[in-house]
Amino acid sequence: TAHEVSTLVKENVQIRTKTVSLGAAIEYFTNAGMRYSVSLLQSRNESLVDLVQCRGEAALYFQPLCPQAGCITTNCYALHPYDSGLALAFSIDESRGLSSTEGEDV
């Protein structure tokens, strides 16, 4: 919800990227019930997958993100209904760095 996003921004929660094996990513998204992510991963040939993590939740990593949620200002994001959930749409300054971690735990 918009309130949850605002809370992440206010708390300046860390946003990290992580590289995991394709199998670990498929297992995580299967267990999380994220069937569209699983479907995307099952069509990949690469053995490693880049994820983005925030507060224990993970998503497929598609483009550079800001390192902390505090970088997101209230006028640069919007929540939109999408399938059975919400889509977060936002734009950021891509010149900011990323914090990256490695390992298999998603």
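These numbered points describe a predicted model of a single chain.

1. Basis of the model. Residues are numbered from 1 along the chain as its sequence is written. As this is a predicted model, local features need pLDDT of at least 70, side-chain atom pairs count only at pLDDT 80 or more, and totals for chains, interfaces and linings use all residues; side-chain values use heavy atoms, with hydrogens and water left out.

2. Confidence. The predictor's confidence in each residue is given as pLDDT, from 0 to 100. The chain averages 76. A score of at least 70 is reached by 72% of the residues. Helix H2 (residues 22-31) has the highest confidence, at a mean of 95. Strand E6 (residues 99-102) has the lowest, at 37. Over residues 92-106 the pLDDT is below 50. That stretch still has 39 contacts in the model beyond near neighbours in sequence. Contact means heavy atoms within 4.5 Å.

3. Layout. The chain has 3 helices and 6 strands. Both are DSSP runs numbered from the N terminus: helices (H or I) have at least four residues, strands (E) at least two. From the N terminus, the order is α-β-α-α-β-β-β-β-β. Take the contacts between residues at least 6 apart in sequence: 71% of them join residues at least 24 apart.

4. Surface and burial. Of the 106 residues in the chain, 27% are buried. Buried means under 20% relative accessible area, exposed means over 50%, and partly exposed lies in between (1.4 Å probe, protein chains only). The chain exposes about 7,000 Å². Carbon and sulfur atoms supply 50% of that area. Accessible areas come from the Shrake-Rupley method with a 1.4 Å probe; for residues, only the protein chains shown count as cover.

5. Helix H2. Its buried residues are Leu22, Ala24, Ala25, Tyr28 and Phe29. Seen down the helix axis, they fall within an arc of 165°, so they line one face of H2. The arc is that of the directions from the helix axis to the C-beta atoms. An α-helix has 3.6 residues a turn, so residues three or four places apart point the same way. Glu27 and Asn31 are exposed on the other side of H2. The cover over the buried residues of H2 includes strand E1 (16-21), H3, E2 and E3. Just after H2, Gly33 takes a positive phi of about 75°.

6. The aromatic pair. The structure holds 1 such pair. Tyr28 and Phe29 form it, edge-to-face, with 5.1 Å centre to centre and 80° between the planes. Rings of Phe, Tyr and Trp (its six-membered ring) pair if their centres lie within 6.5 Å; planes under 30 degrees apart count as stacked, over 60 as edge-to-face and the rest as tilted. Both Tyr28 and Phe29 are buried.

7. Helix H3. In H3 (residues 35-42), Ser37, Val38 and Leu41 are the buried residues. They fall within an arc of 100° seen down the axis, so they line one face of the helix. These residues pack against H2, E2 and E3.

8. Salt bridges. The whole structure has 2. A salt bridge is a side-chain nitrogen of Lys or Arg within 4 Å of a carboxyl oxygen of Asp or Glu. In one, Arg55 joins Glu11, with the closest N and O atoms 2.0 Å apart. This pair links distant parts of the chain, 44 residues apart. Arg55 sits in the loop between strand E2 (48-54) and strand E3 (57-60), and Glu11 in helix H1 (residues 2-11). Arg55 is exposed, at 52% relative accessible area. Glu11 is partly exposed, at 44%. Glu46 and Arg44 also form a salt bridge, their closest N and O atoms being 3.5 Å apart. Glu46 is partly exposed at 44%, and Arg44 is partly exposed at 31%.

9. Two further residues. Thr7 lies in helix H1 and is partly exposed, with a relative accessible area of 24%. The C-alpha atoms of Thr7 and Ala69 are separated by 9.0 Å, while the two residues are 62 apart along the chain. Asp83 is in the loop between strand E4 (77-82) and strand E5 (85-90). Asp83 counts as exposed, at 52% relative accessibility. Leaving aside neighbours within four places in sequence, Asp83 is in contact with Arg35 and Tyr36.
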